[in-house]
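Have a look at the fold first, then read on.

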Amino acid sequence: MKLKIALDWTSNTLHAGILLAQAEGYFKGRNLEVTLISPAEDNYAVTPAKKLAQKEVHVAIGPAESVISYNTLGDQSVPLVAIAAMLQQDTSAIVTLAESGISRPARLNGKTIGSYGARFEDDIVRQLIIADGGKGDFAVKKPEKLHMWQDLMNRHIDAAWIFLPWEGVMTHEKNVYFNAFQLRDFGIPYGYSPLLISHQDFIRDENKALNAFLEAVEQGWRDVYASPDKAARRLQEHVKHPDFQKTAVVRASLEQIAPALFNQDNQWGMMEGYHWVDFLDWMIDCQIIKDAKGIPMNHGQVDSSMLYTNEFFK
């Protein structure tokens, strides 16, 4: 069975479960031939979710916003469905350089924020600023995908949205320090990120292959949890990207990720319905989700139960 997986970034520790499954032969052991598609192959021209929507891949990595976005396009909607939560809690943050003096979100008023241009991204950041007492007025700059941190360092932007266990660890290793604003600390019930996402048609037609894929990925993540040090060394052997050549950095990153891997019942991948409902309701209350005519959508127009499935973990 062949599966194509669209990564959201070049290989990093947030993909560790998948990379280890590949390195240790967990896919082959389940008769899977898995191809990982790096976004660098097309210079980030097409997002993983769009590749999935076009059925170029079977699984894409992305945040809850990608699933919500493709299911709220009116006549152009595509039934993308989250099939597993890579992590059980959000490890991302909007960050500013410690030396900038921007020590809280409200101080981002009038500043320039780096954006990847996702449909809901800027509105979520705006609500973060408002939640901290600011007006939510800021300029947006869209650096090249891999230049976000460089632009922050060079003061071309004042803030960026990063994953703390990856960019955060790498920058600390370089003695660069920052202020981190996590959405949950300001009352925002942010959704799952990153997720493994598939298409409703693939969930129906390729169910056995997807189930085997998730079993292998879970085994890879359990290897991370059991021994971040061993997993770091194995990843260094398997992944030739230069970012993986510093074993201590990779190990520190995996140690940060490990506590977020499983729920209270030691289950990987499972998603809580209330988590989807809370995030969706918050987006609707803040008028972030709009229809094709730009009119804010109302409660009841989006069924959260259609956005995710736990069927592979029953």
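Predicted model: local features only at pLDDT ≥ 70, side-chain atom pairs only at ≥ 80, totals over all residues.

## A parallel pair to start with

Let's begin with two strands: E1 (residues 2-6) and E3 (residues 59-62) pair in the parallel sense, over 2 bridges. Across that pairing, Ile5 stands opposite Val59 in E3. For the bookkeeping, two strands count as paired if DSSP finds at least two bridges between them, while helices (H or I, at least four residues) and strands (E, at least two) are DSSP runs numbered from the N terminus.

Residues are numbered from 1 along each chain as its sequence is written, and side-chain values use heavy atoms, with hydrogens and water left out.

## The whole sheet

Zooming out, the sheet is an open one of 5 strands with mixed pairing, in the order E2-E1-E3-E10-E4. Its edges are strand E2 (33-37) and strand E4 (80-85); each has a single partner strand, so one side of each is left without a neighbour in the sheet. On average, neighbouring strands here are turned by 30° against each other, direction ignored (axes are lines fitted to C-alpha atoms, for helices over the stretch in contact, and angles run from 0 to 180 degrees between N-to-C directions).

How many salt bridges does the structure hold? There are 14, taking a salt bridge as a side-chain nitrogen of Lys or Arg within 4 Å of a carboxyl oxygen of Asp or Glu. Asp201 forms one with Lys55, with the closest N and O atoms 2.5 Å apart. Asp201 lies in helix H7 (residues 200-205) and Lys55 in the loop between helix H2 (48-53) and E3, so this pair ties together parts that are 146 residues apart in sequence.

Asp201 also forms a salt bridge with Arg204, where the closest N and O atoms are 3.4 Å apart. These two are 3 residues apart in helix H7, separated by about one helical turn. As for accessibility (buried is under 20% relative accessible area, exposed over 50%, partly exposed in between, with a 1.4 Å probe and protein chains only), Lys55 is partly exposed at 41%, and Arg204 is exposed at 55%. Put together, Lys55, Asp201, Arg204 and Asp205 are linked in a network of salt bridges.

Over in helix H8 (residues 207-226), Glu218 and Arg222 are 4 residues apart, about one helical turn. Their side chains meet in a salt bridge at 3.0 Å, N to O. Arg222 counts as partly exposed, with 29% relative accessibility.
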